[in-house]
Amino acid sequence: MIRSVVRGFGAALPKRVMTNKEMESRVDTSDEWIVQRTGIRQRYIAGEGETTASLGEGAARAALQRAGLTPDDLDLIIVATSTPDNTFPATAVNIQNRLGMRHGAAFDLQAVCSGFVYAVATADAYIRGGLASRALVIGAETFSRILDWSDRTTCVLFGDGAGALILEAANGEGTNADRGVLTAQLRSDGVHGDKLYVDGGPSTTGTVGHLRMEGREVFKHAVGMITDVIEAAFEATGTTADDVDWLVPHQANRRIIDGSARKLGIPLEKVVVTVDQHGNTSAASIPLALDTAAADGRIKRGDLVMLEAMGGGFTWGSVLLRW
Ligand code: UT7
């Protein structure tokens, strides 16, 4: 059977780092509160000329270089983002143009913080269905541009960045020993739409709007939803928590990450945590974490890697893949 195997990975971050100390000068907060409640110590903030497309392009070029490929070798680009450069054309098409790629298909996918999990699942379905043979999957965001910088309950949490994976078709045996995506589990429930949203949009206000969140409400649902889709991935593949080499979670809050791992019985040494460095970069957080742990040698070929995310919508999901 056809599997979607990881061929390359890459990431890009804005030049500017903003520490919690600097946040203290902007809103009524403290380094101690932010670290204790979220685990975040710093985040990267896009400056002039840095956009979702430019960061996505940077991540794409890093992934192509690592894979020893050129844009000619791709036939699909999916960009998971909630902060596109423009309402249209899609940021994916913008990146396609930046890469000088004139063939194939490119589109954006919007599932907020679960966007990267949704995008990997979508690329996998395209590859297994024969619609694509090599896909560039990017999570890229500039959440700093939709934050209300006077609202301390949200502005301290988010950051900007991009990460990318290249997935390519390869023959597998149809067992859990195969490399590539083994299962994807996606969920959404719009009844929670008012707990994490942006208060503007092209068809309502005609403006971009600002991020609004009832943090405590999101927190309340997070661990249960995350463990639900991870357990579904175990069930679909006949694997258990003991088989997982690395849990690479969406990086929203250290307490949510630790709570989920604990509930699943995955030891914290097997959990990749970058929220301290990047803050919550929404759809970019998982590929940024993958890039960090694969580049430093933790995630190795053949490792069983669980991705999970939960966010606005609500949307949530998991992907189990063998690296
Ligand atoms: O990526 C998408 C998914 N998003 C998430 O997963 C976010 C989920 N939620 C969270 O991570 C947490 O709920 C937060 C980090 C947002 C907040 O942590 P919390 O422990 O739930 O705090 P809280 O909202 O219950 O607020 C506790 C107190 C409040 O003061 P009072 O009412 O107890 O006097 C807040 O006003 O902390 C106050 N507070 C702050 N204090 C200093 C809220 N924000 C800040 C701040 N600095 N930045």
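C113 has a relative accessibility of 5% and therefore counts as buried (under 20% relative accessible area, with exposed over 50% and partly exposed in between, for a 1.4 Å probe and protein chains only). C155 is likewise buried, its relative accessible area being 0%. A search of the whole structure for disulfides, defined as pairs of cysteine sulfur atoms within 2.5 Å, returns zero. C155 accordingly takes part in no disulfide, and the nearest cysteine sulfur, belonging to C113, lies 16 Å away.

The model is predicted, with local features requiring pLDDT of at least 70 and side-chain atom pairs counting only at pLDDT 80 or more, whereas totals for chains, interfaces and linings use all residues. Residues are numbered from 1 along each chain as its sequence is written, and side-chain values use heavy atoms, with hydrogens and water left out.

The protein contains ten helices and 13 strands, taken as DSSP runs (H or I of at least four residues for helices, E of at least two for strands) numbered from the N terminus. Its radius of gyration, computed over C-alpha atoms, is 18 Å, close to the 20 Å that the globule rule (2.2 Å times the number of residues to the power 0.38) gives for 323 residues, so the protein is as compact as a globular protein of that length. Along its principal axes, the C-alpha trace spans about 55 × 45 × 40 Å.

Of the 323 residues, 57% are buried. Among contacts (heavy atoms within 4.5 Å) with a separation of 6 or more, 75% join residues 24 or more positions apart.
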